[in-house]
Amino acid sequence: MIIVDQERCKGCSICTKFCPKNVIGHSGVFNKAGYDYVEPQNEDCISCGICSQVCPEGAITVKKEDKVVYSRPQVLTDSAFTYCPGCSHGVINRIIGEIIDEMGLAEETIGVTPIGCSIFIYKNFKVDYVEGAHGRAPAVATGIKRVYPDKFVFTYQGDGDIGAIGLGEAMYAAIRDENFTIVFVNNGNYGMTGGQVAPTTLLGTVTTTTPKGKTVHEGYPVRICETFATVGSDNAYIARGAVDTPANIRKTKQYIKKAFQHQLDKKGFSMVEVLGACPTNWKLDPVKALDKITDTVIPYFPLGEIKVGKEA
Amino acid sequence: MKYTKLLKGNHALAEGGIAAGCRYFFGYPITPQSEFLEHMAEIMPEANGEFVQAESEVAAINMVIGAASCGAKVMTGTSGPGFDLFHEGIGNLHAHDFPVVIVDIMRGGPGNGSLHPSQQDYDVCIKSRGDMKNIVLAPWNHQDMYDLPNLAFELAFKYRNPVVIMADNVIGQSYGNVVMDDEFKPTEFDTSSWAMSGAKGRERHLSIAHFPDPNVANEMQHYKQGKYAEMAKNEQRSESYYCDDDPEVVVVAYGIMARNSYAAVKALREQGYKVGLFRPVTLFPYPMDALNEATKNAKHVLVAEMSAGQMCADIKGRGFDKDVVLKPGFCPSSVPGTGEIEAWIKELL
Ligand SMILES: Cc1ncc(C[n+]2csc(CCOP(=O)(O)OP(=O)(O)O)c2C)c(N)n1
């Protein structure tokens, strides 16, 4: 059985795409924020939890008999996410929240924000949070970790933040084998500033600053994980996941959990890239945006563990 | 126990920082401050602290932000070109109200500049974008280089504000005697209401550096200006020499220019001239009360600074209403000597 938080739902339809039993559909009713929220349409729910796992808003609770199978992580604040409908930041925030709950890290965590849409993570987590300047979060995290080597420290960044303006700070964190974790979201553009070309934008892509499509003169798309894997410690942990399908979301969660454990075990640098969608700037509906990840993004940015420490 | 040691100014800064309880240092090499960084690298491990040579000044100042966010006593240092790169981070320090101590051993000129002595960073050390102000301390000898880090931390934590120790390379790179006290106990500050440490048994601490809510933005601006007014009320520091008998000429100078001016004033006093010296220790907040007092019956006020008049314009802007003569009027590539300063004063007598 599923319970939809009608006010949180942004009507992105992603759950309707993945529900194996076609249980969920739009209600045709608009919530206070103006979204046509979803609701169960029949009694066929098998409590598989997929809708909850793919929901970018953490708006779906799944119950089996009276037991809650999937719900919003405890570490998340009550406020609704402020991302656009279907934005992958929501799913990624939620899985990080689940991991923090599962590993019991809420009271040990100090998070550092970047600048970009990804900054809004600070609103969503009940953990200590410091805002960094655009691209500088890994340097700020370095300072924190030097003071508190035993606390759990992570940055959550965008691809522009880590791959352009903050490439130096992030790469030097890897070079120094800093014992904190970077999670960054590759959504192929500068989301917050309106969809300009990013280091990760695929060639040919039309963005607001590549109106005729990105060419090599704007730069070849950067495979950040592979690049970082060439520096630093052989024992670093570097992986790339995606949130285009329930299976990939689960894999991504495993990668992030492994990265967090890597840090807790004091094994040094860990980083997980997550391929996500920016439906607004991609000018695609949320479901088609996920298809684009599957069809065109993943072939260029292969998923998997890119560097696994010898001792990992 | 107190003892005297012959130290390079930049080393005295590092020793003074450690004595003041600084246990975190993040920096990047640049002449003429490198000996500060190098000495920190040497002595920080002995103090069980952390030293990181960062990949750039941009990274260094952001590491400083990280350590400061945890309420730690943290220092960094640089010279002109690096100070340019610090500005983004200093702005963020203001946005967060984090206490840190930053050292600038000045270079002259724009761009990569010169390695000549200079006092041309006055404005950039005081001001930060968005009407923000750094507290600025100006050492004039090696003892100051050792003592001022502790004062800097006291002020930084009291006001949760960046403090800049702004010195020149003559003091930074020359040797001088420093009295040290190995029993000195620096103040520990209570940062538990705001510092990051993990939200165990308390509400989470959140420090953001942007102000989207118009009411919050207004409150912040008022809070900042109120804080600067408090500093101006409580923290003006200066020294006046030979100013008690209404000297005809009062020289206003800081740093190395105060040192040479002191020698000039002393020599002229010995020749029977009624001249005095006013030396600001805090450049922000500027010691206007003491300046007005020291110069109240002076016929002439001579501002001797190695810039085209940054301090001069500052005191004018703060309402100093006496006529001021500015010397030498630009930043020469070597420090004006005692004889030259004596000649400037004599022109006015
Ligand atoms: C120093 C600086 N330069 C530019 C900006 C403007 N800016 C804000 S967010 C952003 C891009 C962020 O893009 P990305 O890192 O890809 O994150 P996303 O918004 O896609 O999550 C830019 C350029 C800024 N805030 N600071």
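Predicted model: local features only at pLDDT ≥ 70, side-chain atom pairs only at ≥ 80, totals over all residues.
Reader: Where do the domains of chain A run?
Author: The domain assignment puts domain 1 at 2–70 and domain 2 at 89–308 of chain A.

Reader: And how far apart do their C-alpha centres lie?
Author: The C-alpha centres of domain 1 and domain 2 of chain A are 27 Å apart.

Reader: How many residues are in contact?
Author: 12 residues of domain 1 of chain A contact 12 residues of domain 2 of chain A.

Reader: What area is buried between them?
Author: About 1,000 Å² is buried between domain 1 and domain 2 of chain A, with carbon and sulfur atoms giving 66% of that. In domain 1, the residues that lose the most area to domain 2 are Lys17(A), Phe18(A) and Gln53(A), together 46% of what that side buries.

Reader: New topic. How many salt bridges does the rule find across the interface?
Author: The rule finds one salt bridge across the interface of domain 1 and domain 2 of chain A.

Reader: Which side chains meet in a salt bridge?
Author: Lys17(A) and Asp291(A) do, at 2.5 Å from N to O.

Reader: What about polar contacts?
Author: Across the interface of these two domains of chain A, five residue pairs are in polar contact.

Reader: Which helices supply the domain 1 side?
Author: α1 (14–18) and α2 (50–54) of chain A each supply at least two residues of the side that touches domain 2. The largest share, four residues, comes from α2(A).

Reader: How do the residues of that side divide?
Author: The side of domain 1 of chain A that touches domain 2 has seven nonpolar residues, four polar and one charged.

Technical notes:
Residues numbered from 1 in each chain as written. Chains lettered and ligands numbered in written order. Heavy atoms only, no water. Domains from an automatic or database assignment. Contact = heavy atoms within 4.5 Å. Buried area = accessible area lost by both parts, 1.4 Å probe. Salt bridge = Lys/Arg side-chain N within 4 Å of Asp/Glu carboxyl O. Polar contact = N/O pair within 3.5 Å; in protein donor to acceptor, adjacent residues only side chain to side chain. Nonpolar A, V, L, I, M, F, W, Y, C, P; charged D, E, K, R; others polar.
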